Amino acid sequence: MTVTKVLLAEPRGFCAGVEKAIKALAWMVRVIEPPIYCYHEIVHNQVVVKRFEDLGVIFVDSIDEVPLGAPLMLSAHGTAPSVIEAAQERSPLVVNAVCPLVTKVHHEVKVRAQRGYEIIYVGHKGHDEAIGTSAVAPSVVHLIETVEDLENLEKFDHDVALVAQTTLAMDEWSEIREKAANTYPNLWMAPKSDLCFATTNRQSALKNIASRCSTVVVVGSPNSSNTVALTKVAKSCGVANVYRINSADELPEDIEGVVGVTAGASAPDELVEEVIAKLNPTDGYEVVVSTTEDEYFPPPPELRDLVRSLYKLLGFAFGVPPLDPGGPLSKDKETSASQVLERLT
């Protein structure tokens, strides 16, 4: 392996929704005796999931797997209304770590369905987000993945809406959007794009470095939709060699020249650092900044209530005022999920 330089795309890695979810589950691990249950992987990254499993978190794909009364978290990808209801019946403590951007799409589907629309939903079949969103109004949501799927879909003669999975690649969404708009002149779409700003930013950042690279390495798990989208972006830019890897151990040994490195929105930056170290570029690495993100999503309300109640109870039990008048979550914005994960090891 003779790598001359690494171009590091910025932004990359954790988005605001992932930050929120990881920090929320970390709080549950801190204040509740394990086991703690989580419906679906908290985020789609093998390293993150394994770290929580080692701390007593059990990830399940059915609410029926959760013992009665056990604490439960719902993943960042969004959960079907019927599943949320079943969870609340099964557990007195259910913390919903859904990304607010996914909640926005759920709301769009609910409102359009109530107004009599047929809803064309562009997403990836089998993905947790697509499953949860489709279940909001299953009788009128039609899941498609490609332009061909749209062409094969029955033509509707009344109101039609087009919504999207938040983690789609920009290119695959834009082609379907254009075709749908031509097919349905009165097509409804959200005034603000359904695509996650972080997903879009990461794809744009990768495009900014792609032309300078002979190889692009995308760090992230194979079930991460936005990670897969990044590999598609790199290939569409004509990069000769594109590798999606879980960790530095999976790097091919024959990489050479200038290498672009990015990471999916669920991938910890520690994995990126390990990749750069293994590539060991002779001329070092350059961070190529495309835009700066400052979005922040606060902890789930159920978690805020739980932590504040425990904090007050401890103060009352020991007869002392709280050390931090703002509460233990007051520094949440200043603390990154990467720092939290490091402390959990």
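Modeller: Before we name any element, note that helices are DSSP runs of H or I with at least four residues, numbered from the N terminus. Please also keep in mind that this is a predicted model.

Biologist: Fine. Which helices supply at least two residues each to the lining of the largest pocket?
Modeller: Those are helix H1 (16-31), helix H8 (197-210) and helix H12 (337-344), and H1 gives the largest share of that lining, with four residues.

Biologist: How much space lies in that largest pocket, and which residues lie nearest its centre?
Modeller: The largest pocket holds about 540 Å³ of space. Its lining is made up of 29 residues, and Phe14, Cys15, Glu19, Arg202 and Glu293 are the ones nearest the centre.

Biologist: And how does the lining of the largest pocket divide by class?
Modeller: It divides into 12 charged, 10 nonpolar and seven polar residues.

Biologist: What lines the largest cavity?
Modeller: There are 21 lining residues, with Cys15, Val18, His77, Thr167 and Asn226 lying nearest the cavity's centre. At least two lining residues come from each of H1, helix H4 (100-114) and helix H9 (225-236).

Biologist: How many charged residues are in the lining of the largest cavity?
Modeller: The cavity lining has one charged residue, alongside 11 polar and nine nonpolar ones.

Note on methods
Residues numbered from 1 in each chain as written. Predicted model: local features only at pLDDT ≥ 70, side-chain atom pairs only at ≥ 80, totals over all residues. Heavy atoms only, no water. 1 Å grid on protein atoms, 1.4 Å probe; cavity = no way out; pocket = protein on both sides within 12 Å on 5 of 7 lines; lining within 4 Å. Points joined across faces, edges and corners; volume = space filled by probe spheres on them. Nonpolar A, V, L, I, M, F, W, Y, C, P; charged D, E, K, R; others polar.
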